[in-house]
Amino acid sequence: MRLDKYLADMGCGTRSELRRRIHKGEASVDGKTVKDPGFTLKGGEEVLFAGENVSYEEKVYYMLHKPAGVISASEDKKAETVLDLIREPKRRDLFPVGRLDKDTEGLLLITNDGDLAHRLLAPGKHVDKVYEAAIDGIVTEEDVRKFSEGLVVDEMLTALPAKLEILKTETAADGNSAMENENARSFVRITIHEGKFHQIKRMFHAVGKEVIYLKRISMGPLTLDEDLAPGEYRRLTDKEIQALR
Ligand code: URA
């Protein structure tokens, strides 16, 4: 691999910046200054750039607690994206695995591992995704049954059976006199095995209810780290990477 590509992949700068800085003598390979950006690395060399050791990591994995208000895309001309939240040095080949709506919070995996992303997202794989949601209105046992049987959501979407758990409901009758009955809310946990566009919002819409807050808690074996505040991220541990594979 070329030296400038190696350094660019590791987030040390753009290819043109790197070419300039390599020409200036800022890179060394196995203790010798190398001024040729096209110098070929065979693997296993010690590469230093601007005095720092730069080891090559082929695949990287981050767990992001996506906040509401940012979009799940790699780049956007106007809106802030989930990749903008990953600070430098940042590889340029990162992407989010799947999408959460702009107003949805929670677990988002960010990686450059296309094979893993494909395995997690492939429609036939049915990787479990668990969400917690606040729903406008009272979610009933009838809704639980309908979700468990699978729903015809609209002409574009038939949802597979999903597990719906009612965690709590709040109504005026709970002693909250300021709360009108039409302001009743339910807090639920829902497990789906697919990930179609606006899936959960559309499923609730199909039973006459609206999602007012949505947060993804887990995806397959990966669970959102409670120590991460919205907008924060960390590398996956080796154990988490193994579990995903
Ligand atoms: N379902 C939705 O409706 N939105 C999301 O962001 C994820 C699942």
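This is a predicted model: local features need pLDDT of at least 70, side-chain atom pairs count only at pLDDT 80 or more; totals for chains, interfaces and linings use all residues.
Which residues are exposed on the other side of H3? The answer is Asp115 and His118.

Helix H3 runs over residues 114-121. Its buried residues are Leu116, Ala117 and Leu120. Viewed down the axis of H3, these buried residues fall within an arc of 100°, so they line one face of the helix. An α-helix has 3.6 residues a turn, so residues three or four places apart point the same way. Asp115 and His118 are exposed on the other side of H3.

What lies over the buried face? The cover of the buried residues of H3 includes strand E5 (61-66), strand E6 (95-96) and strand E7 (105-111). Strand E13 (210-219) and helix H6 (238-244) are also among the covering elements. The start of H3 has a contact of its own. There, a side-chain oxygen of Asp113 comes to within 3.2 Å of the backbone nitrogen of Asp115.

Now turn to the charged pairs. The model holds 21 salt bridges. One of them joins Glu57 and Arg235, with the closest N and O atoms 3.0 Å apart. This pair links distant parts of the chain, 178 residues apart. Glu57 sits in the loop between strand E4 (52-53) and E5. Arg235 belongs to strand E15, residues 233-235. Glu57 has 33% relative accessibility, so it counts as partly exposed. Arg235 has 38%, so it too counts as partly exposed.

Asp101 and Lys201 form another salt bridge, their closest N and O atoms being 2.8 Å apart. They also link distant parts of the chain, 100 residues apart. Asp101 is in the loop between E6 and E7. Lys201 is in helix H5, residues 199-206. Why does Asp101 count as buried? Its relative accessibility is 16%, and buried means under 20%.

A further salt bridge pairs Asp143 with Lys209, with the closest N and O atoms 2.7 Å apart. Here, too, distant parts of the chain are linked, 66 residues apart. Asp143 lies in helix H4, residues 141-149. Lys209 lies in the loop between H5 and E13. Asp143 is buried, at 3% relative accessibility. Lys209 is buried as well, with a relative accessible area of 12%.

Some salt bridges share partners. Through them, Arg2, Asp4, Arg15 and Arg19 are joined into one network.

Definitions and conventions:
Residues are numbered from 1 along each chain as its sequence is written. Side-chain values use heavy atoms; hydrogens and water are left out. Buried means under 20% relative accessible area, exposed over 50%, partly exposed in between (1.4 Å probe, protein chains only). Helices (H or I, at least four residues) and strands (E, at least two) are DSSP runs, numbered from the N terminus. The arc is that of the directions from the helix axis to the C-beta atoms. Contact means heavy atoms within 4.5 Å. A polar contact is a pair of N or O atoms within 3.5 Å; within protein, one must be able to donate a hydrogen and the other to accept it, and residues adjacent in sequence count only if both atoms are side-chain atoms. A salt bridge is a side-chain nitrogen of Lys or Arg within 4 Å of a carboxyl oxygen of Asp or Glu.
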